[in-house]
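Here are my notes on this one, as a few numbered points. Have a look at the fold first, then read on.

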Amino acid sequence: MTALAYLAHPSAWAVLPTPVAPSTAPAAGDWIGLIEGYIKDGGLVLGLAIAVLGFLWVAYLAFAKFNEARQGKAEWAEVGVLGIVGAIVLIFASYLLTEAAGVI
């Protein structure tokens, strides 16, 4: 009960930090614009997280293929092909994320 009484006191709210506005910075009082801005920023963060997972996945595959080539289970040409194709896929994914950021 005391925690509820403390939260009801106005000085308890005075020390809270102000929320950070989204990157689109809507006008004051525009709740729809504020929500849209937060959704846009969330979408950009989600796209960035997917890109990071893609980079990690390609790096893992490259290390695994390199290890197989060292053990004689794969040819070194496969490592080179994976490196080239992986780089192309990551560049294309980065391009798509950049274009999507502009569209959102």
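1. Accessible areas here come from the Shrake-Rupley method with a 1.4 Å probe, and for residues only the protein chains shown count as cover. On that basis the protein exposes about 8,300 Å², with carbon and sulfur atoms supplying 75% of it. Keep in mind that this is a predicted model, where local features need pLDDT of at least 70, side-chain atom pairs count only at pLDDT 80 or more, and totals for chains, interfaces and linings use all residues. Residues are numbered from 1 along each chain as its sequence is written, and side-chain values use heavy atoms, leaving out hydrogens and water.

2. The secondary structure comes to 4 helices and 0 strands (DSSP runs: H or I of at least four residues for helices, E of at least two for strands, numbered from the N terminus). In order, that reads α-α-α-α.

3. Of the 104 residues, 12% count as buried (under 20% relative accessible area; exposed is over 50%, partly exposed in between, with a 1.4 Å probe and protein chains only).

4. F66 is partly exposed at 36% relative accessible area, and W76 is partly exposed at 49%.
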